[in-house]
Amino acid sequence: MSEATFEPPRRGAWRARVARRTAGSLVVNAVIALFALFPILWGLSTSLKPKDEIVAYPPRLLPSAVTFEHYMRVFNDSVGHYILNSTIVTAAAIVLTLAAGALGGYALARFQFRGRGMAMVFIVGVMSIPIASLLVPTYSTLSVLGLLNTRTGLVLLYTAYQLPIVIWTLYGYFLSLPVELEQAARIDGYSSSRVLWRIVLPLSKPGLVAAALFVAVFSWNDFVVAVTMTSSESVRTLPVAIYNYLGFYGREWGPLLAASIISIIPIVAGFLFLQRYFVSGLTGGGTKG
Amino acid sequence: MATVTFNQVSKVYGKVKALDALDLHVEDGEFISLLGPSGSGKSTTLSLLAGLQDVSGGRVLIGDHDVTDLPPEARDLALVFQNYALYPHMTLFENIAFPLKARSPRPARAEIEQRVFETAETLGLASLLERYPKEISGGQQQRVALGRAMIRNPRVFLLDEPLSNLDARLRIRMRRDLKALHAKIKSTVVYVTHDQSEAMTLSDRIAVFNEGRLQQLGTPEDVYYRPANRFIANFVGDREANMFSATVRGEGLQSRLEGAGIALDLNRCLPPELPRDVLAGVRAESVSICDPSATGVHAIGRVTDVELVGADLFVFVATETGTEICVRRDPRERNRPDQTVGLTLNAGDIHLFDPVTDRCVSFGDAGASNSSNL
């Protein structure tokens with residue numbers, strides 16, 4: 001064979017390759033996003049359609065004229081009250097799980113005590129119990145406590161269901177904090193509870209936010225537990241109310257989808273607003289080495 | 001300010017003895033270094049003193065108070081961490097003010113401000129007080145950590161390798177700053193380091209640790225010139241001491257040391273219990289190179305390697321038996337590999353170690369009186 005010829009790569013060829021790769025990944029991501037978002041966008045579109053267009057055949061992708069009649073309708077149906085119930089229950093569940101979860105997670109992360117290993121195994125173990133199998137026993141428990149058909153009952157159940165995962169999330173986050181910060185605060189004069197409150201928790205915002213979102217999504221979306229444990233309208237939460245549009249007199253698609261879109265908004269807004277906490281490190285600069 | 005006393009203190013992790021029956025007394029206002037390699041027990045000692053860990057046995061006293069069972073916040077001491085442990089969510093002002101605010105009774109706001117400003121002024125941080133820890137350099141972070149320790153005038157200062165994260169030049173500058181600071185505030189300081197030169201420059205006394213035991217406690221001169229055992233002779237000093245097996249012949253002032261191709265008169269009284277076969281140790285600066293044909297040469301050897309380290313030239317010479325001896329010379333001297341040279345050892349600087357116990361059985365007391373043996 002003759003000498004190997006070596007052709008230098010064409011100038012700018014790599015640019016074209018990068019552009020092709022970028023375009024390719026955009027297309028793939030767009031397809032995935034469309035696939036995931038289509039039902040929601042379809043629902044949004046339907047909630048804005050006039051009543052007679054909703055079941056028209058062939059289906060129309062976009063409403064011919066945007067109308068808010070279904071939204072007016074659900075607000076007239078006192079959806080505001082159900083939103084309030086859902087908000088109260090969700091907020092209370094978040095506060096309770098974070099308060100108890102922070103104490104539990106911190107104890108597991110920083111203290112050596114008898115039974116610590118067992119407690120951790122137990123916490124992971126109970127996470128794997130499906131909620132459906134807990135419905136009957138928790139129903140009897142609430143009934144004995146006289147908390148059936150109350151928001152308090154729902155809050156306690158949501159807290160109980162979500163506490164293990166909150167403890168576990170916070171435990172993992174606390175472990176990632178440099179222990180020297182806590183030791184420094186102890187030496188400087190803080191008791192261990194003040195260290196948790198003033199040093200550890202302020203630095204654990206990303207962990208707290210992640211844990212809170214778990215609880216928020218669960219409590220806000222829960223249907224099965226709420227429909228089992230409550231019956232009266234005064235304590236009804238939003239998912240149960242939405243279900244009622246699949247009602248007695250046939251399906252009311254317009255109000256159903258309008259209420260569904262309303263119920264999605266807080267979760268989406270929450271994730272968008274808090275997303276920076278997932279990506280930012282808050283502990284930068286505190287320690288070196 | 002206060003004394004610190006460890007009374008038979010030990011710490012056990014499972015089956016590992018991290019610290020074994022430590023007895024140590026630190027005088028009021030003394031700067032003492034705990035020196036040793038990692039895992040030697042020096043940091044454990046500091047943690048036990050700070051109350052960050054519980055002792056497995058023994059008592060710890062600060063002044064006359066037994067603090068063994070007190071939590072850290074009740075011991076009235078300050079600790080500067082190796083990684084500084086500044087609170088990242090607080091400004092420098094809040095970081096430095098923290099120990100004042102954390103305790104009751106909390107001083108008035110004006111007093112807190114005044115003391116923070118004074119401390120920051122001393123450390124050259126006054127213009128940075130509104131910044132956050134991540135916005136300043138490593139050297140500045142280090143000084144904030146010092147400031148946070150100083151502000152409360154604690155009874156004892158603990159420093160855990162505070163300079164080890166700084167670059168080499170800054171480290172040497174901070175060393176002098178620390179020394180000046182101690183001269184000014186005159187507190188009791190317990191300083192943990194694995195850097196023997198830091199310990200030598202800063203300390204009134206050095207406690208050398210190895211394998212969970214206190215090996216020697218003494219002034220920097222003591223540990224450098226009169227090492228208690230082979231470990232210390234190797235660990236203290238920029239370089240390991242030259243070690244070679246040798247036999248002692250003759251008695252009393254006529255005693256001679258022979259071995260590893262080296263032979264010389266010791267010219268000193270040796271203890272009667274001295275074994276005949278010993279391990280001889282001598283530092284690089286106590287060996288000189290001369291013409292191989294000169295009279296009084298103690299060994300003949302061949303140069304194997306030459307290292308120029310700034311102000312010093314280190315020449316490695318293999319004796320006839322192949323034992324390598326490191327010699328410190330003036331860098332203006334010229335030596336090249338494979339050159340044949342003569343070696344003379346300063347007899348007064350040679351330590352003799354028991355090869356079984358590794359304990360030093362006869363010091364070369366050169367540091368005390370270099371000339372008396374010659």
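View 1. B:Y13 has B:V16 of β2(B) as its bridge partner. Strand β1 (residues 4–13) of chain B pairs with β2(B) in the antiparallel sense over seven bridges; strands (E, at least two residues) and helices (H or I, at least four) are DSSP runs numbered from the N terminus, and two strands pair if DSSP finds at least two bridges between them. The open sheet has four strands in the order β2-β1-β4-β5 (chain B), with antiparallel pairing. Its edge strands, each pairing on one side only, are β2 (16–26) and β5 (65–66) of chain B. This is a predicted model, in which local features need pLDDT of at least 70, side-chain atom pairs count only at pLDDT 80 or more, and totals for chains, interfaces and linings use all residues. Residues are numbered from 1 along each chain as its sequence is written, and chains are lettered from A and ligands numbered from 1 in the order in which they are written.

**View 2. The loop residue B:G310.** B:G310 lies in the loop between β16 (299–309) and β17 (312–319) of chain B. B:G310 is exposed, because 6 other C-beta atoms lie within 10 Å (exposed: 12 or fewer such atoms, placed from the backbone; buried: 20 or more; partly exposed: in between).

**View 3. Helix α10 of chain A.** Buried residues of α10(A) include A:G207, A:L208 and A:W220.

Note on methods
The expected span of a helix is 1.5 Å times one less than its number of residues.
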